[in-house]
Amino acid sequence: MQLKQVIIAHKADDLISKRWAEQCAQQLQKRGCRVLMGPTGVKDNPYPVFLASVSQSIDLAVVLGGDGAALTAARHLSEAHIPILAVNAGGHLGFLTEPLETFTNSEQVWDRLLEDRYAVQRRMMLQAALFEGNRTNLEPMSDRYLALNEMCVKPGSADRMLTSILEMEIDGEVVDQYQGDGLLVATPTGSTCYTVAANGPIIHPGMDAIAITPICPLSLSSRPIVIPSGSVVSIWPLADRELTTKLWMDGVLATAIWPGQRVDIRMAECQAQFIILRENYSYYQTLQEKLQWAGARIRYNNNHRN
């Protein structure tokens, strides 16, 4: 890897994250690297400005924050094929980030990157767009939206808890109608986020698959389903007289969906690229630690393992 031009994004309003960002920027600039640094958060999005202001390629994005900061970076940088080094500085759960301890000696991190002593984990993403009318209309009427975790179709209202009625097709075939709080269409990465909280399946991020999970459905027969990554999921809002149905990407509002419109969700053409520095990285260990799996109440020794 070259380190000629690097993005450093730190969690907005977090002093720890900002201090680390300033330290990293100074170290990289001493190595002759051009640094683009700025805050990332609910009201701060530095990536469009960074991408529009450069003429040469960006070699790396260092994201200092939590999973939310990593998701934002993935949505904006994946199409440009920029690898992301996400570090849990000021974050909480840290599913997608390297632990801050890995960054204790950040000078060694730059040496490792320059010497290609790291791994790259590529993660599937989803893309969505709105269409008018039936499936014969293939011309989108909206921007294309990207998500690393999930696309969610559910109502949004400031003063009421609303129930949605959604009809879903997979590859042009009507599968079911759902009445409840909404539908989640998730990647394997997103299966351990909102999807697992809604009793959906956990899917290894090395797989290419799509998980569809109803949120609090008013039917015991409405169950999660896992489909091939090449499938197209189409969702229509029905009986939405108050026009409250919305599409959310990784928990961020994408757009409103009106009756007569459908949202098509499919695997994105781009992938998120995350830098892995830990030599002992294990997805299963991450599950045990982050989800606090306790296992059986009575522990037994396995004397058969050497």
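Which residue in strand 11 does L183 stand opposite?

Author: In this predicted model, L183 stands opposite P214 in strand 11. That contact belongs to the pairing of strand 10, residues 182-186, with strand 11, residues 209-215, which run in the antiparallel sense and are joined over five bridges. Both strands sit within an open sheet of six strands, whose order is 12-11-10-7-14-15 and whose pairing is antiparallel. The edges of this sheet are formed by strand 12 (225-228) and strand 15 (252-256), each of which pairs on one side only. From one strand to the next, the twist averages 25°. As a general point, side chains in a regular strand alternate between the two faces of the sheet.

Another set of pairings involves strand 16, which spans residues 261-276. Strand 5, covering residues 119-132, pairs with strand 16 in the antiparallel sense over 13 bridges, and within this pairing A119 has I276 of strand 16 as its bridge partner. Strand 13, made up of residues 233-238, also pairs with strand 16 in the antiparallel sense, here over three bridges, and S234 stands opposite D264 in strand 16. As for burial, which here means under 20% relative accessible area, 12 of the 16 residues of strand 16 are buried, and strand 16 is therefore largely enclosed by the rest of the structure.

How values were computed: Residues numbered from 1 in each chain as written. Predicted model: local features only at pLDDT ≥ 70, side-chain atom pairs only at ≥ 80, totals over all residues. Heavy atoms only, no water. Pairing = 2+ DSSP bridges. Helix = DSSP H or I, 4+ residues; strand = E, 2+ residues; numbered from the N terminus. Axes fitted to C-alpha atoms, helices over the stretch in contact; angles between N-to-C directions. Buried < 20%, exposed > 50% of the residue type's maximum accessible area, 1.4 Å probe, protein only.
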